[in-house]
Amino acid sequence: MKPYFSIVIPLYNKERHIKTTINSVLAQKFIDFELIVVDDGSTDHSAELVKSIDDSRLQLYTIDNQGVSHARNFGIDKANSEFICFLDADDIWHSHHLENIKHMVDLFPKSGMYCTAYDKKINGTHYKCHYHSISEPDFLDILEDYFKASYVDSIANSSGIMIPKMIFKALGGFNEQLDSGEDTDVWIRIALDYDICFYNNISVTINHDSDNRISEKHILNRKVMDLDKFEIFTKDHTSLKKYLDINRFSLGMQCKLTGELELAKNYLDKINLQNINSKQKFLKRSPRLILILSKQIQNILRKLNINLSSFR
């Protein structure tokens, strides 16, 4: 019998987190699944820790390092289920996560992607996400507008989604030429052509306290998704333009903080100012030193359990 869900965890140098992450999967109330861990050439003890876990549902594959997109696609190819869930190697599922997704599939079997609410762990404190245009605390339905709902926090997160395997076959999987924004690239492509089901019930914790986070690296050293290629779809999806500009703002701020000022200008100059808020406009025109100071203040406030954001 095929498992109901196939769960894919791409793994690279997460020895501090991987056992806790896997144990959160094995503790699920819904137990009909297989767990596929793809070790993408880790140089620490991550693979050895996975091997120490005794559970017949767990499979470990070790491959040469080729990036997270290749690792995810490799896991999809190995999956025996038609329903593919993903989890990053440092994030946590709550025990009802798969139970929630099964309920979503039962209610809306023809969706192209299923997304659950998540919170963020920053400096040991958990913060709820804000989903634009969704006010109901237990919203469970097909989204009227995925892009609008993702103006503040993204509806889709790589640890909180399930995508049918047939959708991946139609899309061609994750773009292996990218090592940053490869997930957003997939979310956009799905949202353009398929219904997105969302359940506003938190079942995932995203660990922003983790090490080796990609956002800490210079953009010039990354292969980042091309936002401009989606501009042709903005005529039919008016909210997509603002969604793209918000992502440009985020990338532009990262570039400013890392001193990549020409690249920052390339992102920020393409933004329609009507699509960003007053705080974002201020940061957009601010010099790098102001951004660094703002970031330092934000980090200090987070230690006091105050989470300031330019996105709301």
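Here is a short chat about the nonpolar core and the aromatic rings in this predicted model.

Me: Which residues touch the most other members of the largest nonpolar core?
Reply: That core has 82 residues. As a background point, nonpolar side chains in soluble globular proteins tend to be buried together. Here the residues with the most contacts to other members are Leu35, Met113 and Tyr146.

Me: What does Tyr146 touch, leaving out residues up to four places away in sequence?
Reply: Tyr146 is one of the top three in the largest core, along with Leu35 and Met113. With those sequence neighbours set aside, its contacts are Met113, Ser154, Ile155, Ala156, Trp187, Ala191, Ile196 and Tyr243.

Me: How far apart in sequence are the parts that Phe86 and Phe174 tie together?
Reply: These two rings pair edge-to-face, 5.6 Å centre to centre with 90° between the planes. Both Phe86 and Phe174 are buried. Phe86 is in strand β4 and Phe174 in the loop between α6 and α7, so the pair links parts separated in sequence by 88 residues.

Me: Why is the Tyr131 and Phe198 pair called edge-to-face?
Reply: The centres are 5.0 Å apart, and rings count as a pair if their centres lie within 6.5 Å. Planes over 60 degrees apart count as edge-to-face, so this pair gets that label from its angle of 65°.

Me: Which ring has the charged end of Lys102 over it?
Reply: The ring in question belongs to an aromatic cluster of Tyr4, Phe5, Phe30 and Phe83. The Lys102 end sits 5.3 Å from the centre of the ring of Tyr4.

Definitions and conventions. Residues numbered from 1 in each chain as written. Predicted model: local features only at pLDDT ≥ 70, side-chain atom pairs only at ≥ 80, totals over all residues. Heavy atoms only, no water. Core = buried A, V, L, I, M, F, W, Y, C linked by side-chain atoms within 4.5 Å. Buried < 20%, exposed > 50% of the residue type's maximum accessible area, 1.4 Å probe, protein only. Contact = heavy atoms within 4.5 Å. Phe/Tyr/Trp six-rings, centres within 6.5 Å; stacked < 30°, edge-to-face > 60°. Helix = DSSP H or I, 4+ residues; strand = E, 2+ residues; numbered from the N terminus. Lys NZ or Arg CZ within 6 Å of the ring centre and 35° of its normal.
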